[in-house]
Amino acid sequence: QVQLAESGGGLVQAGDSLRLSCAASGGTFSNYKMAWFCQAPGKEREFVAGISGSGGRTYYADSVKGRFTISRDNAKNTVYLQMNSLKTEDTAVYYCAAAFKLTLFDESRYSRGELYDSWGQGTQVTVSS
């Protein structure tokens, strides 16, 4: 059983930065493909960023490219989302997710939430103007 716990959310102003963390427990973290998704009120869950088990490959939604960076520290069983130049439209609950049952995980699969096996409880990010 893999458990994920996000932290680092909060209330910031437009243009500010935040770093989200997601700590994993259970299993072999370096085997997990990890991702961040977000869900704003009244909207569907959206893919934000994904990272391979080694950290060598990263993927981003177009809306965050150049502003957000996903990274991981396999020694600490933690994945991060550095969020810079935040915009009001980034306001959402941010969830981390882990995929470990499906071994073939190409670029197109990282954005598909249904392929992830474990989810965190989410952390709220609110960006004010």
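Author: Before we begin, note that helices (H or I, at least four residues) and strands (E, at least two) are DSSP runs, numbered from the N terminus, and that two strands pair if DSSP finds at least two bridges between them. This is a predicted model, in which local features need pLDDT of at least 70, side-chain atom pairs count only at pLDDT 80 or more, and totals for chains, interfaces and linings use all residues. Residues are numbered from 1 along each chain as its sequence is written, and side-chain values use heavy atoms, with hydrogens and water left out.

Reader: Which residue of strand 9 stands opposite tryptophan 36?

Author: Strands of a sheet pair through backbone hydrogen bonds, either parallel or antiparallel. Here cysteine 96 in strand 9 faces tryptophan 36, and strand 4 runs antiparallel to strand 9 (residues 92-99), to which seven bridges join it.

Reader: How many residues lie between strand 4 and strand 5 in their hairpin?

Author: Six residues lie between them, and glycine 42 in the turn has a positive phi of about 80°. Strand 4 pairs with strand 5 (residues 46-51) in the antiparallel sense over five bridges, with phenylalanine 37 opposite phenylalanine 47 in strand 5.

Reader: Why is strand 4 largely enclosed by the rest of the structure?

Author: Buried means under 20% relative accessible area, exposed over 50%, and partly exposed in between (1.4 Å probe, protein chains only). Six of the seven residues of strand 4 (residues 33-39) are buried, so strand 4 is largely enclosed.

Reader: In what order do the four strands of the open sheet stand?

Author: The order is 1-3-8-7, with antiparallel pairing. Strand 1 (3-7) and strand 7 (68-73) stand at the edges with a single partner strand each, so one side of each is left without a neighbour in the sheet.
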